[in-house]
Amino acid sequence: MNQLFPHVDWMGMLTATGQTLYMTLVSGVFTFIFGVILGLVLFLTAKGGLYENAITYRITSSFVNIFRAIPFIILIILLIPLTVLIIGTMIGASAALPSIIIGASPFFARLVEIGLHEVDKGVIEASQSMGATRFQIIWKVLLPESLPSIISGMTVTLIALIGNTAMAGVVGAGGLGTLAYNDGFEANNNDVTFVATIIILVIVFIIQFIGDIIARRVDKR
Amino acid sequence: MIRLTHVKKVYQTSAGPVKALTDLNLEVRQGEIFGVIGYSGAGKSTLIRLINLLERPTEGRVEVAGHVLSALSEKELSRERKQIGMIFQHFNLLWSRTVAENIAFPLELSGLSKDKRKKRVEELIRLVGLEGRASSYPSQLSGGQKQRVGIARALANNPAVLLCDEATSALDPKTTDSILQLLSDINRSLGITIVLITHEMYVINKICHRVAVLDKGSIVEEGTVRDIFLSPQQAITKEFVGQVAAPLKQQIRIEKFQSANPDGKIVQLHFDGKTDQQPAVDRLLHNQAIRVTIIVSELAPSQNGFYGTLVLLINGHQDTVQSAIDQIRSESVKVEVLPS
């Protein structure tokens, strides 16, 4: 092993993997929460929605579009003041979280919105005919009925998110991205870059695999 | 039970206002099955959705079970709607829930405890004949079974009214019959008032007591199903009546004679056309002791006379009628006495 990858510090690789997983999971949880909320706002306030409101829709929609359009590497730099305000520093794994979450939530929100649009209008009408309140429709109809789409969307988002953690690594977030860039690319140790890449690929495959299984299990269509 | 008074519905579209219903008045009585028939675009869907205020009338009053629904706020409506069940053409079940969970859904909305829900769901599953399917998902059911789930769900909160929105239009003829039978049974056993909309006269004939014909947003004809069938006035009503196959119309005519002459006997004579059976018919028609009315005559000439059927109403003393029937039977005419 050491002959094959002479420059790899395995303990350092493990620490970096832990940091990447930390960034992925924590930002994943927040992205999920913000994405579902934003997706619901987009769906519900749109024309013909349960809480139709043109102004709210337009503001939310513009916000989502703007943050989705900004390249991630620029977003990190733009958000430095906010990061310092929330986390207290701009270096380290935690410091990467705000920009990763703000970068991924709008993307996931659009996927949630698409999933909600796939819910049969007839089912919503049937729920109304049974006297369901709007809150009951959201909680008992819209979210459960769009769950497979939301889970598939979350899988795609998580994978995009891992890419972003690696990019954040270049500006000092730590994790496999930092390792691959500093110890690998800059120090010209291609074996380090290679191992870091393989680990990232394995994480991606595992997430895709688990996501597919859950999506299939909840899909009774 | 249900009263729509001067109801109008106008939709605002980008192409200008579209009138869906124009000054409509309708009264549905307690416990009856009331049908509304019309072509697509006549306003049927709008009409049925006005009854539970899924559509708000532009003008007019909607009253159900003594409550003026058109005057209620959204929140008050949620409560009143539990009194009005509804089933749909495409069933509109939640695919993420099992049969039992789908039926429990309206009970959850009403805040019923878990134990009570379970008990009620079991009752409903029995009522609609879905024993053993409680833990199936909708995607594992046939169309007819899905509609049974829809019916169970609609009945869960013991509503006073059941609205059926083209409930059998997506089903094959045999399944249609079984669902109509179920609706008819429920109407009888629970005394629930049913309003259904359809474009098939067959459905109206099968289970409705009264019918209204809807054309271009207004009711053009209304009455008991019998009257509408036997003497349709409007051209569109005649078209709908014409949809139903001739034997069915015959059946209605026979039943009408039956109820008007409870003492008379209705017989169906079958002629095979192998021998000349004219003398037998002559003797029957000229029998002075009885009175014979021809209800249906479907005869066609054959080599030796004619073949086909005659449906007759025979009035007279019981014994004389019986001997006349025996007489014609002895002359190799097949006689079927229709049950009265």
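A contact means heavy atoms within 4.5 Å. The model is predicted, so far as its source goes: local features need pLDDT of at least 70, side-chain atom pairs count only at pLDDT 80 or more, and totals for chains, interfaces and linings use all residues. Residues are numbered from 1 along each chain as its sequence is written, chains are lettered from A and ligands numbered from 1 in the order in which they are written, and side-chain values use heavy atoms, with hydrogens and water left out.

**View 1. Chain B as a whole.**
Among contacts in chain B between residues at least 6 apart in sequence, 67% join residues at least 24 apart. Chain B has 12 helices and 14 strands. Both are DSSP runs numbered from the N terminus: helices are H or I with at least four residues, strands are E with at least two. Along the principal axes, the C-alpha atoms of chain B fill a box of roughly 75 × 50 × 35 Å. Of the 340 residues in chain B, 49% are buried. Buried means under 20% relative accessible area, exposed means over 50%, and partly exposed lies in between (1.4 Å probe, protein chains only). Chain B exposes about 16100 Å², and carbon and sulfur atoms supply 48% of that area. Accessible areas come from the Shrake-Rupley method with a 1.4 Å probe; for residues, only the protein chains shown count as cover.

**View 2. Where chain B meets chain A.**
Each side has its share: 22 residues come from chain B and 22 residues from chain A. About 2000 Å² is buried between the two chains, with 59% given by carbon and sulfur atoms. Buried area is the accessible area (1.4 Å probe) that two parts lose on being put together, summed over both. On the chain B side, N92(B), W95(B) and L109(B) lose the most area to chain A, together 34% of what that side buries.

The rule finds 2 salt bridges between chain B and chain A. A salt bridge is a side-chain nitrogen of Lys or Arg within 4 Å of a carboxyl oxygen of Asp or Glu. E108(B) forms a salt bridge with K140(A), with the closest N and O atoms 2.6 Å apart. Strand 6 (84–88) and helix 3 (99–109) of chain B are the elements that give two or more residues to the side touching chain A. Helix 3 of chain B gives the most, with 4 residues.

**View 3. Salt bridges within chain B.**
Over all chains, the count comes to 21 salt bridges. E55(B) and K9(B) form one, at 3.6 Å from N to O. This pair links distant parts of the chain: E55(B) is in the loop between helix 1 (44–51) and strand 4 (59–64), K9(B) is in strand 1 (residues 2–13), and they are 46 residues apart. K9(B) is buried, with a relative accessible area of 10%. D165(B) pairs with R49(B), their closest N and O atoms being 2.8 Å apart. D165(B) sits in strand 7 (residues 161–165) and R49(B) in helix 1 of chain B, 116 residues apart. D165(B) is buried at 8% relative accessible area, and R49(B) counts as buried at 10%.

**View 4. A helix-to-helix salt bridge.**
E255(B) forms a salt bridge with R226(B), the closest N and O atoms being 3.0 Å apart. E255(B) lies in helix 10 (residues 246–260) of chain B and R226(B) in helix 8 (residues 225–230), so the pair ties together parts that are 29 residues apart in sequence. E255(B) is partly exposed at 30% relative accessibility, and R226(B) is partly exposed at 33%.

**View 5. Two residues with positive phi.**
Most residues other than glycine have a negative phi. A65(B) has a phi near 50 degrees, a positive value. A65(B) lies in the loop between strand 4 and strand 5 (67–68) of chain B. K216(B) has a positive phi of about 45 degrees. K216(B) is exposed, with a relative accessible area of 68%.
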